[in-house]
Amino acid sequence: MANTSNLFYKWGGGMKPDFPRIRSAHDEFLVTEDGRELVDAAAGAAVVNLGHSVEGVESVADAQLSELSYLSLSHFSHEAPETLAERLAAVSPGDLNAAFFVNSGSEANEMAFKLARAYHLETGNPHKSTIIGRWQSYHGATLGALSATGNTSRRVQYEPLLHGWPHLPPAYPYRWEYEGTPEEQALAAAAELETTIKQEGPETVAAFIAEPVSGASIPAAHPHPAYFEEVRRICDEYDVLFIADEVMTGFGRTGTMFAMEHFDVVPDMMTLGKGLSGGYAPISATMVRDDIADEFENATGRSFSHGHTFGGNPLSAAIAAHVIDQYTDSVLQTGRKRGELLAAELEPLADNPIVGDFRQIGAMIGIEFVADRDTGEPFDPDLNVNGRVYDRALERGVYTYPGSGSVDGLKGDHLMLSPPLTISESSVKTVADAVTDAVEAVAESVAPHAAS
Ligand code: PMP
């Protein structure tokens with residue numbers, strides 16, 4: 001008989017034969033085939049924001065399946081994507097009222113890039129095609145999204161990527177070398193955008209994309225609000241569209257519905273995925289300012305020529321419309337409180353010799369490992385510090401989200417915790433105990449003198 005694990009290993013995008021096999025899940029727990037319960041402190045890939053037992057999803061899915069699962073939205077319309085679009089417009093900030101549905105975060109970003117280019121073409125700026133991103137960012141695996149991505153370990157196998165898509169330094173206060181107050185540093189970092197736009201030539205720049213709070217590349221790193229205020233000003237001045245990639249941060253992850261709310265700045269487009277369906281169906285969305293979407297609907301303009309076969313399919317849309325109704329104020333508040341409790345329980349790590357920075361915003365925590373706390377010098381990536389902490393925590397029954405180590409001179413070696421917003425207080429304690437134990441054990445092995 002064929003060894004299915006090996007087939008997965010060959011074709012399954014990174015799955016390895018020795019991965020624990022999961023049979024089922026409930027609440028914040030993954031249940032292995034041999035009946036062990038693991039606490040899902042990563043919420044999958046920061047997807048399962050409401051846990052694995054969201055009420056009512058099964059009946060919504062059953063009802064939709066029994067009526068109609070798939071429909072080509074190129075030629076027909078359907079209540080489910082319409083309802084979802086209305087709900088998303090209602091929760092999105094400002095004029096972000098037009099929703100385009102696709103199937104993954106990568107596709108939502110591809111869509112935003114293409115829409116930005118098509119918009120400039122329609123509005124008489126045919127040379128505005130460059131997308132500016134930031135280093136140590138992640139925007140997706142497809143070639144366009146990867147070209148905007150600044151995580152070098154994800155890019156390296158696929159170079160050369162799209163030519164001439166520049167990257168700025170990330171919003172990474174721990175490693176900023178700018179002088180002054182946090183606000184002055186934020187303004188200095190944002191000024192890099194203006195410099196790059198000028199260097200490229202403003203008539204060539206279509207859009208700037210950023211994660212409002214950094215995800216897996218530098219978990220939970222975020223700037224003083226002055227950063228995004230200045231980004232907004234610069235984008236307006238040079239007619240550059242600002243795309244907020246909220247694929248990971250959307251739907252309560254950072255304590256507010258969308259992370260840009262922390263900065264009180266409205267982007268021109270906002271990309272959503274992951275928590276949009278809470279993991280119950282593959283669906284993502286690009287939210288777009290009304291007047292941008294309108295460009296493609298007036299009588300003389302061309303329509304926006306883009307779409308994916310499964311985009312907005314009724315089954316996924318019905319599920320997502322049900323799921324987003326569950327992100328109530330009370331659930332968002334619970335997420336914030338559980339994030340704060342987890343940070344408080346992890347307090348002993350503040351003095352750990354290998355912990356250089358500890359960041360928390362809502363239910364998103366980043367722990368950055370360093371070889372030298374005074375200089376912030378990272379560990380040799382070959383030591384695989386984040387991977388070792390991950391392994392040890394998993395042995396203790398807790399699944400965490402490891403971050404890439406230092407690659408190509410870009411610093412960083414992290415662990416992210418992004419549990420369901422609804423994680424119980426007792427599971428928070430289990431996570432904190434396992435992670436504290438794991439970091440202490442790894443510190444003992446990689447920095448024994450400092451640890452003693
Ligand atoms: N943007 C961000 C900020 C992400 O975190 C991710 C996924 N980790 C993506 C885009 C890509 O989403 P997907 O894997 O669904 O294509």
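Two housekeeping points. Numbering starts from 1 along each chain as its sequence is written. Since the model is predicted, local features need pLDDT of at least 70 and side-chain atom pairs count only at pLDDT 80 or more, while totals for chains, interfaces and linings use all residues.

Okay, domains. The protein chain splits into domain 1 (4-54 + 328-451) and domain 2 (57-324), with bounds from an automatic or database domain assignment. Their centres, taken over C-alpha atoms, are 26 Å apart. Where they meet, 35 residues of domain 1 are in contact with 31 of domain 2; contact means C-beta atoms, placed from the backbone, within 7 Å. On the domain 1 side, the largest share, five residues, comes from H12. Helices here are DSSP runs of H or I with at least four residues, strands are E runs of at least two, and both are numbered from the N terminus.

Next, the sheet. It's open, antiparallel and four-stranded, ordered E11-E12-E15-E14, where pairing takes at least two DSSP bridges. E11 (355-361) and E14 (401-402) are the edges, each pairing on one side only. E14 meets E15 (residues 414-417) over two bridges, and Tyr-401 has Met-416 as its bridge partner.

How values were computed. Two residues are in contact if their C-beta atoms, placed from the backbone, lie within 7 Å.
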